[in-house]
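Subject: Structure handover

Hi,

Here is the structure for you to look over. My notes follow it.

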Amino acid sequence: MSATGIGAPVLRREDKRYITGKGQYVDDVNRYGQAHAFFLRSPHAHARILSIDTAEAEAEPGVVAVYTGQHLADDKVGGLICGWMIHSKDGSPMKAGPHPALAQGKVRYVGDHVAVVIADTYSEAKDAAEKIVVDYEVLDAVVDTAGARTAGGEPVHEVAPDNTVFEFHLGNREPTEAAFARAAHVTKIDLVNNRLIPNAMEPRAAVGDWDAGTDTFTLYTTSQNPHVARLVLSAFIGIAPEHKLRVIAPDVGGGFGSKIFIYAEETVCVWAAKKVGRPVKWCAERTEAFLSDAHGRDHVTHAELATDAGGRVIGLKVHTVANLGAYLSTFSSSVPTYLYAPLLSGQYDIPAIYVEVDAVYSNTAPVDAYRGAGRPEATFVIERLMEVAARELGKDPAEFRRQNFVTSFPHQTPVIMCYDVGDYAASLDKALATVDYVGFPARRAESERRGMLRGLGFSAYIEACGIAPSAAVGSLGAGVGLWESAEVRVNPVGTVEVLTGSHSHGQGHETTFAQLVSDRLGIPIDNVSIVHGDTDKVQMGMGTYGSRSGAVGMSAIVKALDKIETKARKVAGHVLEAAEGDIEFKDGKFTVKGTDKSIDFASVALQAYVAHKFNGQELEPGLKEGAFYDPTNFTFPSGVHICEVEIDPDTGVTRIERWVAVDDFGVLINPMIVEGQVHGGIAQGVGQALFEGTVYDSSGQLLTASYMDYQMPRAYDFPRFSVETTETRCPSNPLGIKGCGEAGAIAAPPAVINAITDALGHEDIAMPATPRAVWRAIRRTPQKMAAE
Amino acid sequence: MPTVSMTVNGKTVRRDVDPRTLLVNFLRNDLRLTGTHVGCDTSQCGACVVHADGRAIKSCTSLALSCDGMAVTTIEGLATGADLHPMQEAFRQHHGLQCGYCTPGMIMTAIDLVARKGHHLDEHTIREELEGNICRCTGYHNIVKAVAAGAEAMKAPAEVPAMAAE
């Protein structure tokens with residue numbers, strides 16, 4: 001392994017600009033003559049718009065224009081779309097209501113977009129918005145997830161009279177019923193997977209620009225997938241055809257899923273730029289982010305696990321109601337269906353599984369993918385069930401899991417997935433050793449002596465990453481292919497630009513992708529630059545989500561590098577006057593086998609461009625290759641996380657004392673970056689378990705709309721994490737990578753809750769397990785009640 | 001419009017401003033120092049931390065006019081030429097950042113922390129003192145390591161023998 005090659009903990013090349021304040025985020029982009037947009041948002045969760053009077057606002061100082069949904073309709077601007085078709089179990093397609101970028105006729109959640117004011121300054125736009133008079137007829141709001149279908153009153157969308165988007169199912173129903181009929185024991189749980197607000201630290205922002213000379217648009221936007229944004233804005237929303245629309249996602253300050261989607265604000269900014277003939281800029285205030293970024297999770301689930309007399313799991317039944325909010329966001333329908341149900345088998349050999357998911361509309365912000373997307377929800381179900389079942393059966397939770405692990409591969413589950421490779425026991429053994437499992441009873445006794453409660457919880461998770469191959473996701477309803485593209489441009493001096501359809505918003509691609517290229521071509525890493533996030537530079541790409549950039553994005557680069565090497569060998573053969581088959585390529589040098597005749601990579605690059613040594617009719621000059629890579633399967637990262645907590649029974653405060661993560665991500669490109677991804681994922685998962693709870697009141701007002709109300713995890717909430725890995729090489733891509741971006745967020749919540757319930761001695765606690773919730777739960781503990 | 005003047009990163013600046021202009025917008029929009037970020041508008045997240053007369057403040061909730069006559073340092077003012085400030089270097093060495101958005105505020109807070117609490121910072125102190133800075137990417141693990149290392153590295157070379165003799 002070289003110092004900058006695959007497997008080396010190379011320091012990040014992008015850091016220099018971030019630590020010196022020279023990053024270029026969308027809010028740092030300023031175009032000459034730009035105007036500023038402010039969005040007037042609905043104060044009501046559900047209301048009919050009877051009239052909008054913008055005259056007074058239009059007369060305010062600095063105001064350039066005020067637009068409403070009527071202007072979008074007049075210009076035939078299409079609505080926002082959901083790009084994944086789900087069919088109900090009766091075969092009917094999901095019921096997608098209209099989703100205009102500015103409300104037309106009705107508002108459906110607090111924060112819904114009613115009008116936009118464009119003015120010389122942001123303050124002027126915001127001031128003028130106060131003068132818009134909207135006459136609302138307020139309707140009853142549908143807020144409660146479990147009760148949405150029976151809420152009565154006016155439905156959120158006409159197309160869905162009982163607020164049901166679809167009734168999805170997966171698995172084998174009859175065998176599952178049969179398994180439950182012969183079960184020796186059935187474990188039942190009811191779970192709420194709490195709604196989360198993603199909160200990337202950079203709020204969403206957009207700058208729309210229009211060039212009158214060429215009639216072309218440029219949109220700078222906080223996007224994880226600028227090409228998908230361009231495709232949707234062109235093909236569905238109709239802003240401009242793709243060759244007349246450039247989308248740039250420069251430095252993006254975190255996404256976690258929330259910046260995958262195509263939103264109203266960016267649509268309006270780029271459309272309005274032509275209307276007003278000036279660039280139009282918008283940057284969300286944090287409260288706007290809380291109100292209108294797509295939220296995550298929000299499931300209500302009943303699940304049952306059947307075991308036989310020997311403690312083998314023989315069946316799993318799950319019924320979930322998933323709240324999709326007021327509109328179907330870009331990929332919302334895929335999250336509680338194909339990103340959820342197929343993962344419910346966990347790491348276990350479960351012969352019969354049947355899952356039903358009813359998706360509902362409500363008068364709340366749209367819900368879509370948030371770090372993990374469906375897989376944390378699935379892991380929470382199966383890992384809570386496994387822990388509770390072990391306790392009910394009087395078994396050690398680690399050994400109960402081990403007894404039910406999948407141990408032979410490939411393993412076909414009853415819910416689509418075919419697990420390719422893994423060694424679940426290896427991760428479990430390493431985690432048990434690292435956490436000092438045998439020492440836990442002594443630690444618990446020591447806590448008890450101090451009047452504290454101590455608990456330990458497991459989470460043995462599996463996820464499906466890459467979100468590919470294209471044909472597979474297409475058969476499941478995806479409206480797009482989920483391959484990735486790469487182009488490798490070798491310059492005449494031997495430096496290399498790699499254009500990738502992946503997008504980096506904190507993951508460090510400028511480092512890891514360059515490590516791959518440096519390793520493969522034997523050139524210094526400083527001679528490699530990674531280009532992403534601009535549809536004028538990179539032809540097409542699918543972007544970054546689902547932990548797919550390594551497994552899919554880098555594999556596309558490998559494929560392009562294969563072609564580069566093939567071509568360079570031909571050039572080298574001509575230069576060295578040897579047969580192509582006699583050329584060896586190693587450590588950046590082409591050598592004629594068995595001789596000392598050689599030429600380095602940079603010289604071959606120069607020869608490819610000067611083209612003096614070969615016949616240009618037989619071999620094209622130049623050295624540039626592109627590739628599209630479509631994997632053969634999802635990847636299946638897995639691992640075991642163990643959380644150990646101590647609870648103060650007087651205050652209900654839970655402190656995490658130990659966190660052990662042992663993950664199998666396949667081959668690691670940069671272990672330093674991988675560890676960082678795990679740390680961040682755990683923090684988000686712990687945030688869900690202990691702190692973060694989205695609260696809408698019964699009228700649909702969002703009560704947690706700032707950092708003063710929504711508790712973000714802070715530095716003092718965590719111990720030092722102990723992060724380790726095991727490795728089984730992924731067989732479905734050339735690098736053997738599985739992906740690491742979401743693991744922590746998937747693994748963490750059940751580990752925390754399993755630890756807390758272990759400490760409490762009962763299962764009655766919901767997320768977030770705030771001090772108040774835990775304090776109350778302690779008072780429900782039978783032995784505590786007896787003691788008091 | 002009233003006039004505000006202050007020293008920013010060692011340079012005297014003077015501008016007419018709308019009285020409601022926040023310091024962060026003055027820095028970002030008037031002076032084009034876009035390294036200081038706005039993350040929350042409510043003094044919670046710390047992405048906007050700068051130093052005013054040597055003290056860390058949240059520039060998203062400070063009026064530019066209230067800083068009249070002050071010496072303000074932003075993230076852009078830390079490095080000397082190509083030489084990074086030791087705290088900047090520590091964040092890089094310890095992978096204390098991912099998306100980079102909270103990073104300028106983290107670094108400015110960390111330097112202020114060293115000024116207040118010295119060069120030997122234990123993990124507990126660092127975690128408590130980062131109360132006003134939110135990061136969504138890193139889980140804080142490597143930020144804590146970076147702050148500890150940066151604090152040590154900020155010891156002036158002349159001080160090192162004295163510290164070693166302790």
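Below are the findings, starting with conventions and then going contact by contact.

This is a predicted model, where local features need pLDDT of at least 70, side-chain atom pairs count only at pLDDT 80 or more, and totals for chains, interfaces and linings use all residues. Residues are numbered from 1 along each chain as its sequence is written, while chains are lettered from A and ligands numbered from 1 in the order in which they are written.

Chain A against chain B

The contact draws 40 residues from chain A and 44 residues from chain B. Two residues are in contact if their C-beta atoms, placed from the backbone, lie within 7 Å. On the chain A side, helix 1 (15–19) and helix 17 (671–691) each supply at least two residues. Helices (H or I, at least four residues) and strands (E, at least two) are DSSP runs, numbered from the N terminus. Helix 17 of chain A gives the most, with six residues. By class, the side of chain A that touches chain B splits into 17 nonpolar, 13 polar and 10 charged residues. Nonpolar here covers Ala, Val, Leu, Ile, Met, Phe, Trp, Tyr, Cys and Pro; charged covers Asp, Glu, Lys and Arg; the others, Gly among them, are polar.

A sheet in chain A

Chain A has an open sheet of four strands, ordered 21-20-19-25, with mixed pairing. Two strands pair if DSSP finds at least two bridges between them. Strand 21 (528–531) and strand 25 (624–629) of chain A are the edges, each pairing on one side only. From one strand to the next, the twist averages 15°. Strand 19 (residues 484–490) and strand 25 of chain A pair in the antiparallel sense, over six bridges. A:E487 has A:G626 of strand 25 as its bridge partner.

Helix 14 (residues 509–521) of chain A lies across strand 20 (496–500) and strand 21 of chain A, at about 135° to strand 21. Axes are lines fitted to C-alpha atoms, for helices over the stretch in contact, and angles run from 0 to 180 degrees between N-to-C directions.

Two helix pairs in chain A

Helix 9 (residues 375–393) and helix 18 (residues 743–760) of chain A have axes that come within 8 Å and cross at roughly 30°. That makes helix 9 of chain A roughly parallel to helix 18 of chain A (angles under 35 degrees). Their crossing is right-handed (the near helix is turned clockwise from the far one by less than a right angle). Helix 9 of chain A contributes residues including A:F380 and A:R384, and helix 18 of chain A residues including A:I746 and A:I753. This contact has eight nonpolar, two polar and four charged residues.

Helix 15 (residues 549–576) and helix 16 (residues 601–610) of chain A pack at about 85°, with axes 9 Å apart. They are therefore roughly perpendicular (65 to 115 degrees). A:A568, A:V571, A:A572 and A:V575 of helix 15 meet A:V604, A:Q607 and A:A608 of helix 16. Six of these residues are nonpolar, one is polar and none is charged.

Domains of chain B

Chain B is divided into domain 1 (3–77) and domain 2 (86–155). The bounds come from an automatic or database domain assignment. The C-alpha centres of the two domains lie 21 Å apart. In chain B, 15 residues of domain 1 are in contact with 11 residues of domain 2. Strand 3 (49–52) of chain B gives the largest share of the domain 1 side, three residues. That side has seven nonpolar, seven polar and one charged residues.

Best wishes

Terms used. Angles under 35 degrees count as roughly parallel, over 145 as roughly antiparallel, 65 to 115 as roughly perpendicular and the rest as oblique.
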